Amino acid sequence: MSTAGGAATPSGVIAPEGTATRVDPGPDRAQYGLAAVLAVIGAWTVVDSAGLGPGFADQAVRPAAFGYVIGSALVLLAVLLAVATARGDRAEGEAGEDVDLDRGTDWRTLAGLAGVLVATVALIDWLGWAVVGALLFAGAATVLGNRHWVRNLLIGAVLSVASWYGFYVGLGIPIPPGVLDGVL
Amino acid sequence: MEALLEGLGMALQPENLVYAVVGVLLGTAVGVLPGIGPAMTVALLLPVTYNVSPSAALIMFAGIYYGGMYGGSTTSILLNTPGESSSVITALEGNKMAKTGRAAQALATAAIGSFVAGTISTVLLVALAPTVAEWVVVLGAPSYFALMVLALIAVTSVLGSSKLRGFISLALGLTIGLVGTATGQARLTFDNPLLADGIDIVVVAVAIFAVGEALWVAAHLRRRPLEVIPVGRPWMDREDWRRSWKPWLRGTAFGFPFGALPAGGAEMPTFLSYITERRLAGRHRAEFGKGAIEGVAGPEAANNASAAGTLVPLLAIGLPTTATAAVILAAMQGYGLQPGPQLFEAEPELVWTLLGSLFVANTLLLVINLPMAPLWARLLRIPRPYLYAGILFFAVLGAYSVNFQWFDVALLGLFGALGFAMRRFGLPVLPLIVGVILGPRLEEQLGQALQLSQGDVSALWGEPVAVVVYVVIAALLLGPLVLRLIPGRQEPEQLEDEIGALEDEVRS
């Protein structure tokens, strides 16, 4: 189910701290990836700030100033993180009520949910909330392991239509009806 | 006093009372769901309050806030898996009590203790906040700038185990806060007109709290169901009362000051309260680790008192010090209200209604939740696929209802991925959220300060309050370093280790 073997995907293995095996797991290599992303964001922020004009005459703080400071700070922090990682620093994943950190990351479920979210973004303006909301709920519940997809779809439809009317009529927030214009 | 009575009168009007009941019910119902803390509860329920009047919305928030807190403690007592750091201690003793058949008493002492602590703290809040606001209102931009820097540094470096990760999170939040054309020039907008107004904090908060959490849980979903302890109607006998009332009061005494300080948080006072109760338990000391009622009563009171204390800096200065306070601040800004000293002068009716409704929400919590505890316990059995599909559903609905654009939903997904990554890499969420909110205001205050002084930087330490605040900041940053040089002294970072050790000790 999951890629708990993890040799191919280093980021797929969560630090097995607290488990019986206390072998040195080596550096948390996925953190280098995080450091790289941070450095890119920081560098981009600095470049973006450099492209700004001088601002209004009465602006004591130029629009670019904060960008320079924050961008450079991000780059610096990225370097520090990379150094810490090389010296054996490991990230500790967040625990929670339904979280089981002893298992590897379940990439299949994650990819499924990402797919559902992307589909939601692509369809929401066209089909409207009542349809997309139902698909979103049913898709997410199915991906998360409930295989009764007909029942999921029914629950999703009830939820999305009820929330549409609740927002439109009850709260006065006019969510566009989308493809069901005239039906709802 | 008169103003408070007026506020109470407002909050007790039938219509507002309905809002308070709805808030308490929604807050508890959502907060009791596993994996949902108070901050996510408030963020997810934000859209519900979009179209009601600001005072009605604030009344609902009071209910949602306290309800969410109470729901969290129910979860940790009945499931033994605290959703957030401040209920770790409650779970320690509370779950042990529940396992020995005293779940009803554990829930009762938590609920009544929260009520006692909440009421006392709200009285303190009412007494303190206007006074603080009066002091603060005379401060100039340099002092505000210093206070905001203090809040940012405090939430970043005092809480959490890794300062490096705290600052990474803060820097990311400040970067998100840069986006937009607030300064007259388009920063980080990628020439996209949809980003010109900046990124809506509601979208960021819902994404980081709800979507990030749902994705993170989905990747590590516990496949075997958790054991939920059945519970009857909460009650306590005379002995339980005798053993509970002092811990409630002591917990309140720990919780409120910690909440009211800009470096607040509920983790430290709950921990201190637990240690104190264990030390003072006398002949009941042997019960600690096996379900001592004092160990639930004290920390729960501390937790709630600190939640009320958080509202002092939030309302009087406009500084959020917890994730929940940050979301409430964002919501108030959404109504065009700017928390801070001016709020007391500009909208006295609103402020006093909010303060009055805190008392009402607190009382409702007790009246509603004691009889309804068995019902809430059943919510813990909701199938996980439905729970997390539902969280995603309402998160998307919340983001979409901001502007009815696919673009906001796309941002939600993007920041949801960031939220997932933050949980994977142990980056704390609070500095990011506070950074997004305070970043632009920090820039504004700096601009004002330098404009008045015509670019003279020394104006920044030209006010005595600013100087004091900078000294505090220096102490916060350098203190741990100095302590580390003194052998044998405790470092603040050891708090987490100590909680961990305590947990191991109690669980084994």
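How much area do chain B and chain A bury between them? In this predicted model, where local features need pLDDT of at least 70, side-chain atom pairs count only at pLDDT 80 or more, and totals for chains, interfaces and linings use all residues, the two chains bury about 6600 Å², and 69% of that lies on carbon and sulfur atoms. Buried area here is the accessible area, taken with a 1.4 Å probe, that two parts lose on being put together, summed over both. Within chain B's share of this area against chain A, B:Tyr386, B:Phe393 and B:Arg424 supply 11%, which is more than any other three residues.

Before I go on, residues are numbered from 1 along each chain as its sequence is written, chains are lettered from A in the order in which they are written, and side-chain values use heavy atoms, with hydrogens and water left out.

Counting contact as heavy atoms within 4.5 Å, the interface takes 72 residues from chain B and 77 residues from chain A.

Let me turn to the charged pairs, where a salt bridge is a side-chain nitrogen of Lys or Arg within 4 Å of a carboxyl oxygen of Asp or Glu. The whole structure holds nine salt bridges over all chains, and the count between chain B and chain A is two. In one of them, A:Asp28 pairs with B:Arg424, and their closest N and O atoms are 3.1 Å apart.

Which element gives the largest share of the side of chain B that touches chain A? That is H15(B), with 14 residues, where helices are DSSP runs (H or I, at least four residues) numbered from the N terminus. The residues on this side of chain B divide into 46 nonpolar, 17 polar and nine charged, where Ala, Val, Leu, Ile, Met, Phe, Trp, Tyr, Cys and Pro count as nonpolar, Asp, Glu, Lys and Arg as charged, and the others, Gly among them, as polar.

Technical notes. Helices (H or I, at least four residues) and strands (E, at least two) are DSSP runs, numbered from the N terminus.
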